[in-house]
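Here is a short report for a reader new to this structure. Please look over the sequence and the model before reading on.

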Amino acid sequence: MLKDLDDRAIDRIIEMGWEDRTPFDAIEAQFGVTESQVIKIMRNQMKESSFRMWRARVQGRSTKHVAQRDPEMDRFRCSRQRHISNNKVSKR
């Protein structure tokens, strides 16, 4: 499955994995990649120190797991982000 992903998809998975508000379930729904596969991608594509920092931050974080999230948090992206523009923060 991971071999079928192109560089653009892998970059997007890493970007979504790095975002605090994007749950692993959203990544799986969009790309068909499980949490453990996301971790493998992150481990292979990032510097070791960056991966360790990300892992420490994400581990146990309720926003990365839909089942642990606050029920009122029903969106995957920040309200300030544009809907279609590659997750760029819109001008205020």
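Among contacts in the protein between residues at least 6 apart in sequence, what percentage join residues at least 24 apart? The share is 57%, where contact means heavy atoms within 4.5 Å.

## The model

This is a predicted model, in which local features need pLDDT of at least 70 and side-chain atom pairs count only at pLDDT 80 or more, while totals for chains, interfaces and linings use all residues. Residues are numbered from 1 along each chain as its sequence is written, and side-chain values use heavy atoms, with hydrogens and water left out.

## Overall layout

The protein has four helices and zero strands. Helices (H or I, at least four residues) and strands (E, at least two) are DSSP runs, numbered from the N terminus. From that end, the order is α-α-α-α.

The protein has 92 residues, and 34% of them count as buried. Buried means under 20% relative accessible area, exposed over 50%, and partly exposed in between (1.4 Å probe, protein chains only).

## H1 against H3

Helix H1 spans residues 7-18 and helix H3 spans residues 35-45. Their axes come within 10 Å and cross at roughly 105°. That makes H1 roughly perpendicular to H3, a term for angles of 65 to 115 degrees. Axes are lines fitted to C-alpha atoms, for helices over the stretch in contact, and angles run from 0 to 180 degrees between N-to-C directions.

H1 brings Ile 10, Ile 13, Ile 14, Gly 17 and Trp 18 to the contact. H3 answers with Val 38, Ile 41, Met 42 and Gln 45.

## The nonpolar core

The largest nonpolar core has 19 residues. Such a core is a set of buried Ala, Val, Leu, Ile, Met, Phe, Trp, Tyr and Cys residues joined through side-chain atoms within 4.5 Å. Ile 13 and Trp 54 touch the most other members. H1, helix H2 (24-31), H3 and helix H4 (48-58) each give two or more residues. The largest share, five residues, comes from H1.

Leaving aside residues up to four places away in sequence, Ile 13 touches Leu 5, Ile 27, Phe 31, Val 33, Val 38 and Ile 41.

Ser 50, Phe 51, Trp 54 and Val 58 are the buried residues of H4. Seen down the axis of H4, they fall within an arc of 100°, so they line one face of the helix. The arc is that of the directions from the helix axis to the C-beta atoms. Their cover includes H1, H2 and H3.

On the other side of H4, Glu 48, Arg 52 and Ala 56 are exposed. Gly 60 follows H4, with a positive phi near 80°.

Definitions and conventions: Angles under 35 degrees count as roughly parallel, over 145 as roughly antiparallel, 65 to 115 as roughly perpendicular and the rest as oblique.
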